[in-house]
Structure formats: C-alpha cells, structure tokens
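This report is meant for a reader meeting the structure below for the first time. It moves from the whole chain to its domains, then to the ligand and to a few individual residues.

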Amino acid sequence: EKELLWQSRFSEPFDREALLFSSSVDVDKALYQEDIKGSIAHVTMLSEEAILPVEEARLIIEGLEEIEQEISSGALVPDWEDEDIHTVIENRLKEKIGPIAGKMHSGRSRNDQVATDTRLYLKRTIDELRSALDALKSLLLEKAETYRHTIIFGYTHLQRAQPISAGHYYLSYFNMFLRDNQRLDDLFKRVDISPLGAAAFAGSTLQLNAQRSMELLDFSTLFENSIDAVSDRDIIIEFISACSIIMMHLSRFCEDLILWSSSEFNYLEISDAFATGSSIMPQKKNADIAELVRGKTGRVYGDLINILTIMKGLPLSYNRDMQEDKPPLFDAAKSTISSVRIFSKMLAHTKLNEERLTKLTAEDLSLSTEIAEYLVRKNLPFRDAHRITGKIVSHAIESATSLPNIPLETYRSFSELFDSDLYDALQPEASVNTKQSHGSTSFSSVDEQIKNARKKLNR
Ligand code: ARG
C-alpha cells in the first residue's frame, strides 16, 4: 500500500475501489512536463527567497529533471495508485532524494499546482492549434488563387442560386478561420496568467515571490485574487468554445465536400489517398475523412457541455469535481487539432471538376438574376423586373430550354426592353464580373480580397 499525501489524519486506509475511482493518473499523466516545469520554477523561487537552502533546491531540481527523462523514456510508468500525476512525481522524488522531496511543496497546494499545469498546457496547445489554422489559411489562399477564374454555383437553401468565382468561395472560409485564429489570440491573453502562489486558495504565510514564479514560467501576468486563481475553469470553457466554433466551420465545409463529391453533384474529386471504399460495393468511393471531421464536431460540442455542466453550481473555491475538467479539455484539443490538420491535407488533395462546372453553369437558370438586373438597368422597378423574369424562367422550364437559348423575339414578348445585348449578360463569367459591390464575387473583387487576405496571413 502506498502512502497518500494526505493520509496522516485518517485511522483507516482509503478504500481501494474509492482510490481507483478517484485516481486521475491515467488522464493527467499527459501533464507531467508542465508539472515538472512548474515545480522547478516554484523551487527556484523558494531558494531565491531563502525559504529553501540552495543545496536542497539543487537536489530537488536535479531529481525532477531525471524524473522527466524517466517518464519520457518509459522507464517510469505513472502508477494509478499514486492518485494523480503530482503525487506520482513527488513520490518518485522521495524515492530518489529522501524526505527533502517534501520541501518542494512548501507554500504550494495541488490546487494552484494543477491550475498552473493547465495554463501551461493550454498555452502550448493554443500555439499548436494556431499553427494548424495558419497552414489551413495559406492553403485556402492558394486554392482561391488557383480557382479564382473558375465559376461554380453559389447556393442558398441548397438550391442553385447564382454563379460565383470558386476563389470567392474559398475566401469565405479563409475569413471564418481568420476569426477563429483571432478568438484564440484573444483567449491566449487570458490564459497567459500565472496562478502559482495562490496556494490552496487563501495564500500562504511564507514570503512567496509569485511575481518571480510567473517570470520563471514565462507567464505575462500574475493572478489578482488567490480564490479566483484556483477556482475557475473559464479558460477551459473558452478554449473548448473556440474549438467548437472551429469544428462547426470545418463541419460545414466537409458537408459541401461530401455533397460535391457525390455522383449527383460531381463537382469535385477527393484524391484516392483520402477516400475509402466499401467491403461489399466495389464501385464505392466514400469521403470518410470529411465525414469523420463532421462527426468529431459532435464530440467536441459534447466536451463543451461536459465542462459547462461540471462547473455549474460548484461552491467556491476548489472542489474535486474540477478534476473532471481534463478529459473534455484533452479530447477537444486532440480532436480539433487533428481535424484541422487532416482536413487541410485532404483539401490540398481535392480538385474541382472545372469542365463540368463550366458546362453546367452556362446552361443554368441561376443566370436569371442577370435578366432581372438587366431590366433594372433599363429603368424598370426591381419588383416588376423580378415578376417578368419569373415568367421567363417558367417558360424556360416548360419548353425545356436554357436562358441563353431563348430567342430574342420571345424575350421581347415578355418585355420590349430586351435587346440583343441581353445575351452578353447571360454568360456566367459576365454574371460574375458585372458584380460591382464591395466584397462581391467579381474577379477583380476576388483579386482584391486575395491581396488583403495575404496581408492578414503574414501579419
Ligand atoms: N488531481 C487534482 C485535480 O486535478 C489535483 C488537485 C487536488 N486537490 C485537492 N484538494 N484534492 O483537480
């Protein structure tokens, strides 16, 4: 039986099943590097403040550095019976250097310790996620450049609506992921606050130099209130919210890719390297990677509801419930980072079926807005123009023809205002390029957007 950190006031040993139930080692062992980094900073500060003799601090720090090696090499496997990763490390240190190990915890509680570990982990993880998003954004810019003169359908209600530049489409996602990045930048400032020195929640009688611990750990600011420092998990909630929004964006994008790669649409081809087949239907090519990213979105939303519900109604300050913050945090981080990465790789290996898109957009009724706007340019009120065009569309459907194939005299039977220049407007490319408004789909607007996006990318 191992001795637990808090055992001495108890006369009976902790029930083994209760220990198994409450042990977090299997999850929080992922924090061992942060935990050791935090302990080294704390011990360094203690020795600088003469709370701990320099020689003892040196022993502790060397021991901690060895333990980090032992865990990363697999020589030391964290044991669940140690209750949590903080105890695993302290118990191992005691084996190595004896009772001096116990001085590492002077002026500290596992409450500010775990809050420190979590913030260090979040800083590292936000950086990883930001780099993954940066790579996705440069890819989207590349796609926008490659396909800026390719015309595709824009949809509303999943009905063909108006022709657009494919570059415009990719840039819309660029802007969404740019805001996701900005959300992380903003969140980072609130994560970058050291809670070390708050102790259990009320502070310490020792002359701790929390400012110094903060500097040693590369945090930018220091907590203001020791209760707040150990009691809240709002940064985890904010991080998983940001992950949820990223996943929502990815999931919508995936939905387009899944639809557009089906035989019904056949607008694009996902490369074989990112598709799967069927064990029974030999012809099948499925967009499983996109489906899994869409599926993992639900999982990350679950993580968000998970942590929100854990925190709801907890009395101040620390409660053991809060140990349950790590499974949703780690799951959301892993799911989101891996989704952004694999999605980018898949998208890089996806090609638009340009020939088919060119053919389809040229014949489609989605050019009808051009007819209405043509009449508006001839001074007709838009409502009248819309009504006349609706009749023309219905004529085209009844006679199974396309708008460019309706003869001029037929157009003129709907309105005298039509002239042969109408046919110039009835080209997808003309439709796209006559858009003059800000941020629109015209090639020149798309070029402008690419230029601006590039500046934001290289900020
Ligand atoms: N494993 C715990 C957690 O993650 C560490 C803090 C334990 N503190 C306590 N007062 N029992 O929350």
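## Terms and overall form

Helices and strands are runs assigned by DSSP, with at least four residues of class H or I for a helix and at least two of class E for a strand, and they are numbered from the N terminus. The model is predicted, and in these terms the protein holds 19 helices and six strands.

The radius of gyration of the protein is 31 Å, whereas a compact globule of 459 residues would have one near 23 Å. Along the principal axes, the C-alpha atoms fill a box of roughly 100 × 50 × 40 Å. Of the 459 residues, 37% count as buried, and among contacts between residues at least 6 apart in sequence, 75% join residues at least 24 apart.

## Domains and annotations

The domain assignment divides the protein into domain 1 (7-106), domain 2 (111-353) and domain 3 (364-457). The centres of domain 1 and domain 2, taken over C-alpha atoms, are separated by 32 Å, and the contact between these two domains takes 18 residues from domain 1 and 17 residues from domain 2. On the side of domain 1 that touches domain 2, helix H2 (25-28) and helix H3 (32-48) each supply at least two residues, and H3 gives the most, with nine residues. That side of domain 1 divides into six nonpolar, six polar and six charged residues.

The annotation "domain: Fumarate lyase N-terminal" covers residues 9-302, a span that is 61% helix and 7% strand, with its end C-alpha atoms 39 Å apart. The annotation "domain: Argininosuccinate lyase C-terminal" covers residues 366-433, where the chain is 65% helix and 0% strand and the end C-alpha atoms are 15 Å apart.

## The surroundings of the ligand

Which residues surround the ligand? They are Ser24, Asp28, Asp84, Arg110, Asn111, Val114, Tyr318, Arg320, Met322 and Gln323. Sorted by class, this shell has three nonpolar, three polar and four charged residues.

Helix H6 (residues 110-146) gives the most to the shell, with three residues. In terms of domains, the shell draws at least three residues from each of domain 1 (7-106) and domain 2 (111-353).

## The loop between S3 and H8

Ala198 is found in the loop between strand S3 (193-194) and helix H8 (210-216), and Ala199 lies in the loop between S3 and H8 as well. Is Ala198 buried or exposed? A residue is buried if 20 or more other C-beta atoms lie within 10 Å of its own, and Ala198 is therefore buried, because 29 other C-beta atoms lie within 10 Å. Ala199 also counts as buried, because it has 21 C-beta neighbours inside 10 Å.

Leaving aside its neighbours within four places in sequence, Ala198 is in contact with Asp112, Gly203, Phe223, Ser226, Ala229 and Val230. The C-alpha atoms of Ala198 and Ile97, which are 101 residues apart along the chain, are separated by 27 Å. As for the backbone, phi of Ala199 is near 55 degrees, a positive value in a residue other than glycine.

## Other backbone features and exposed residues

The peptide bond from Leu316 to Ser317 is cis, with omega near 0 degrees, and Ser317 lies in the loop between helix H11 (288-311) and helix H12 (326-348). A positive phi in a residue other than glycine occurs at Asn379, where phi is near 80 degrees. Asn379 is found in the loop between helix H14 (368-377) and helix H15 (382-398).

Why does Asn379 count as exposed? A residue is exposed if 12 or fewer other C-beta atoms lie within 10 Å of its own, and Asn379 counts as exposed because it has 8 C-beta neighbours inside 10 Å. Lys189, which is found in helix H7 (residues 166-191), likewise counts as exposed, because it has 10 C-beta neighbours inside 10 Å. Lys189 and Glu68 are 121 residues apart in sequence, and C-alpha to C-alpha they are 28 Å apart in space.

Key:
Residues are numbered from 1 along each chain as its sequence is written. This is a predicted model: local features need pLDDT of at least 70, side-chain atom pairs count only at pLDDT 80 or more; totals for chains, interfaces and linings use all residues. A residue is near a molecule or strand if its C-beta atom, placed from the backbone, lies within 6 Å of it. Ala, Val, Leu, Ile, Met, Phe, Trp, Tyr, Cys and Pro count as nonpolar, Asp, Glu, Lys and Arg as charged, and the others, Gly among them, as polar. Domain bounds come from an automatic or database domain assignment. The radius of gyration is taken over C-alpha atoms; the globule rule is 2.2 Å times the number of residues to the power 0.38. Two residues are in contact if their C-beta atoms, placed from the backbone, lie within 7 Å. UniProt positions are given in the numbering used here, feature names are shortened, and annotations may be inferred rather than shown by experiment.
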